[in-house]
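Subject: Handover of a structure and notes on it

Dear colleague,

Please find below the structure that I am handing over to you. My notes on it follow directly after.

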Amino acid sequence: MTLDDLRAFVAVCEAHSLSAVARDLGCTQSAVSQRVKRLEREAGIALLERRPRGVAPTQAGRILCRAATGSLAELDLALRRLADLRRGDGGTLRITTGATTVRHFMSAAVVAFRARHPHVDLEFQTENSGRRCFEAVADGTAELAWITIGPPVRGIEQHPVLELPWVLAVRSDDPLAGRDHIEPAELAGGLSGIRHIRLPENSVSRMRLDGHLGRGRPETGEGPAAAPASSTSVADWDTAILLAELGVGHAVVPDLPGWRGAGHPSLRLIPIPGLPPLAAGWAVRQWAALSPVAVEFAETVNGSLGVGGAGTAAGPGAASGTAAGADARARARRLSGVEADVPACAPSCAGASEGHDRGPVRARV
């Protein structure tokens, strides 16, 4: 039994004529008859009966025809949708990430991708923990996740795209605002008057920062160092920046596109060149198994950030005309892909906290 056999049989039941179906299919009446006979042999019962004028389905034929009609219609619709996905003309692409990602990393890419693929349904799922981002990728709820690259996670590939240098965010009238850089040892030892704004407790950025500053590292033999004075904690990088700009405290954060320029006249970002940069990029189940539109979207994001991409990726000028795009391109470089295959703590989505399991927020564009 083949799909072509079923299609021919349904057509005969509707037309009540073997010859009419043969004409429509561009074949002989004998060929159509052979398809029906194959079905009858497999079913073990007659499906058609001859009438003075043409043919009609038997009781068994009517049962099969009703079942096949609905199934074939659904199958044909599915095949059309698959063809749309293959051509990039339709379907839904789901991306999960932290709350600040689209604004900082994807705004230019979303515009460019939407112009090329107006019929693809883009769905952004905002998660509040790295674990939830990885769960969404693992169970197929999302094809792509933009994350802070962290320890390996079984069954997930992590592909670094950007390196984000660390900065100390302070208000422009802060005593530290005149510094051209800050040393990690100064942060670890506690500068006079500094009031740290704590990053999310279980986020990758917090864990990496604590590791670089020697806090919570008993393997050094010196025991964990005392954390700098702090009375403020936040759930994401943008909130840390806002509080620093308001003069509430000082924030050690990755230097993201959009934080410099006229939009933040009261903000000063002081480089911390002694801290290794933080990597951000994509998490997927298998890059080779991504849909064509998912690959193109990821490459478009990469291209808008200045790291290029194959074929369809937007060029380095995709974010041109903005200081944020220029800053991103100046800092960006391609990193080697990493395939994770051992269990470990999940990193947070880029820009999101970890340890809060509120439900996802979805936005379609």
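The notes below begin with the basis of the values and the whole chain, and then turn to individual parts.

The model is predicted, so local features are given only at pLDDT of at least 70 and side-chain atom pairs only at pLDDT 80 or more, while totals for chains, interfaces and linings use all residues. Residues are numbered from 1 along each chain as its sequence is written, and side-chain values use heavy atoms, with hydrogens and water left out.

The whole chain

The chain contains 11 helices and 14 strands; these are DSSP runs numbered from the N terminus, with helices being H or I of at least four residues and strands E of at least two. Of its 365 residues, 46% are buried, where buried means under 20% relative accessible area, exposed over 50%, and partly exposed in between (1.4 Å probe, protein chains only). The accessible surface of the chain is about 17200 Å², and carbon and sulfur atoms hold 54% of that surface. Accessible areas come from the Shrake-Rupley method with a 1.4 Å probe, and for residues only the protein chains shown count as cover. Among contacts with a separation of 6 or more, 76% are between residues 24 or more positions apart; a contact means heavy atoms within 4.5 Å.

Helix α6 and strand β12

Helix α6 spans residues 130-138, and its buried residues are Gly-130, Arg-132, Cys-133, Phe-134, Ala-136 and Val-137. The cover over these buried residues includes β3 (92-97), β4 (121-126), β5 (144-148), β6 (157-164) and β12 (278-284). After α6 comes Gly-140, with a positive phi near 85°. Strand β12 also contains Ala-279, which is buried at a relative accessible area of 16%.

Aromatic rings

How many aromatic pairs does the structure hold? There are 5 aromatic pairs, counted when rings of Phe, Tyr and Trp (its six-membered ring) have centres within 6.5 Å; planes under 30 degrees apart are stacked, over 60 edge-to-face, and the rest tilted. In one of the pairs, Phe-113 and Phe-297 have ring centres 5.4 Å apart and planes at 85°, which makes the pair edge-to-face. Because Phe-113 is in helix α5 (residues 101-116) and Phe-297 in helix α10 (residues 292-304), the pair ties together parts 184 residues apart in sequence. Phe-113 is buried, at 0% relative accessibility, and Phe-297 is likewise buried, with a relative accessible area of 0%. One aromatic cluster is formed by Phe-105, Phe-113, Phe-124, Trp-146, Trp-282 and Phe-297.

Cysteines

The structure has 0 disulfides, a disulfide being a pair of cysteine sulfur atoms within 2.5 Å. Cys-13 is buried at 7% relative accessibility, and Cys-65 is buried with a relative accessible area of 12%.

A surface patch

Leu-242, Leu-246 and Val-248 make a nonpolar surface patch of about 260 Å². Val-248 is in the loop between α9 (237-245) and β10 (251-254) and is partly exposed, with a relative accessible area of 36%. Patches consist of residues with over 30% relative accessible area and no salt bridge, with like charges joined within 9 Å and nonpolar side chains (Val, Leu, Ile, Met, Phe, Trp, Tyr) within 5 Å. A salt bridge is a side-chain nitrogen of Lys or Arg within 4 Å of a carboxyl oxygen of Asp or Glu.

Yours sincerely
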